[in-house]
Amino acid sequence: MLKIVVCVSGGGTNLQAIIDRISDGTIKNTRIVGVISNNKNAYALERAKQNEIPNRCISPKEYATRDEFNEALLQGVKDYRPDLVVLAGFLVNIPAAMIQEYRGRIINIHPSLIPSFCGVGYYGLKVHEAALKKGVKVTGATVHYVDEGIDTGAIIFQKAVNVEPGDTPEILQKRVMEQAEWIILPQAIHKIAMEKE
Ligand code: GRF
């Protein structure tokens, strides 16, 4: 059984996709043992509660220094004893100590075809704004392992999505989530779960 902790900051639609794919058997041999958010208002925490998944908020606002937050975040993950850490819209720079502790066992979903539109400052709607500004005709999403860089770890899966005339960043974001993120993140988890067998 692959035990996963899912780290979230926002609406939790990627978390919901993981929950739904485990429920319908698309993802096998996997259990979400915990959900951690840095944002106490994240609807993703509500999704965890609705599905009786252990969950907690570890907010930088509750710690005097970033180092103290980083230590609390790592301990919070370790407390769940996961095999894999899944960053699903988690807007926190992962501490070096956590990357060392879970090297090769942290994955992230990024809403572009890396190496395009990634790195510092490219998150959420900003990614899609940049894609539209550049005028690309195809974008998509990438699931990759997390290393010390920003969006630089080994790529696991990518899925392309067409940009349509008249797209706004919001419309494009929704299409990338529906047609790419919510498909390849569960696929990556299932792949890792099968490799653990
Ligand atoms: C979205 O911008 C998504 O593209 C990125 O994280 C943000 C929130 O996703 N991966 P979610 O609805 O919280 O999963």
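What radius of gyration does the protein chain have, and what would a compact globule with 197 residues have? The protein chain has 16 Å and the globule would come in near 16 Å, so the two agree. (That radius is taken over C-alpha atoms, and the globule rule is 2.2 Å times the number of residues to the power 0.38.) Bear in mind that this is a predicted model, where local features need pLDDT of at least 70, side-chain atom pairs count only at pLDDT 80 or more, and totals for chains, interfaces and linings use all residues. Residues are numbered from 1 along each chain as its sequence is written, and side-chain values use heavy atoms, with hydrogens and water left out.

**The whole chain**

- The protein chain has six helices and seven strands, where helices (H or I, at least four residues) and strands (E, at least two) are DSSP runs numbered from the N terminus.
- Starting at the N terminus, the order of elements is β-α-β-α-β-α-β-α-β-α-β-β-α.
- Along the principal axes, the C-alpha atoms fill a box of roughly 45 × 40 × 30 Å.
- Of the 197 residues, 48% count as buried; buried means under 20% relative accessible area, exposed over 50%, and partly exposed in between, using a 1.4 Å probe and protein chains only.
- If you take the contacts with a separation of 6 or more, 64% of them are between residues 24 or more positions apart, a contact being heavy atoms within 4.5 Å.
- The accessible surface is about 9600 Å², and 50% of that belongs to carbon and sulfur atoms; the areas come from the Shrake-Rupley method with a 1.4 Å probe, and for residues only the protein chains shown count as cover.
- On the charge side, there are 23 positive and 22 negative side chains, with the centres of the two sets 1 Å apart.
- For that tally Lys and Arg count as positive and Asp and Glu as negative, while His and the chain ends are not counted; each charge is placed at NZ of Lys, CZ of Arg, CG of Asp or CD of Glu.

**Helix H5**

- H5 spans residues 125-134, and its buried residues include Val127, His128, Ala130 and Ala131.
- These four sit on the same side of H5, because they cover an arc of only 160° around the axis; the arc is that of the directions from the helix axis to the C-beta atoms.
- What the buried residues of H5 pack against is strand E5 (106-110) and helix H6 (169-196).
- Just past the end of H5, Gly135 takes a positive phi of about 80°.

- As background, most residues other than glycine have a negative phi, and most peptide bonds are trans.
- Ile114 and Pro115 are joined by a cis peptide bond, with omega about 15°, and Pro115 belongs to the loop between E5 and H5.
- Phe117 is found in the loop between E5 and H5, and its phi is positive, near 50°.
- Phe117 is also buried, with a relative accessible area of 16%.
- Over in the loop between E6 and E7, Asp151 has a positive phi near 60° and is buried at 12% relative accessible area.

**Buried residues and their neighbours**

- His144 lies in strand E6 (residues 138-145) and is buried, with a relative accessible area of 1%.
- Residues up to four places away in sequence aside, His144 touches a list of residues that includes Ile106, Asn108, His110, Ile114 and Asp151.
- Val161, in strand E7 (residues 155-162), counts as buried at 1% relative accessibility.
- Not counting residues up to four places away in sequence, the contacts of Val161 include Val138, Thr139, Arg175, Val176 and Ala180.
- Phe69 is part of helix H3 (residues 66-79) and counts as buried at 0% relative accessibility.
- Beyond its neighbours within four places in sequence, Phe69 is in contact with Ile58, Ser59, Pro60, Tyr63 and Val92.
- From Phe69 to Ser59 it is 10 residues in sequence and 7.4 Å in space, C-alpha to C-alpha.
- Asn14, in helix H1 (residues 13-23), is buried at 6% relative accessibility.
- With residues up to four places away in sequence left out, Asn14 touches Ala88, Ile109, Glu181, Trp182 and Leu185.
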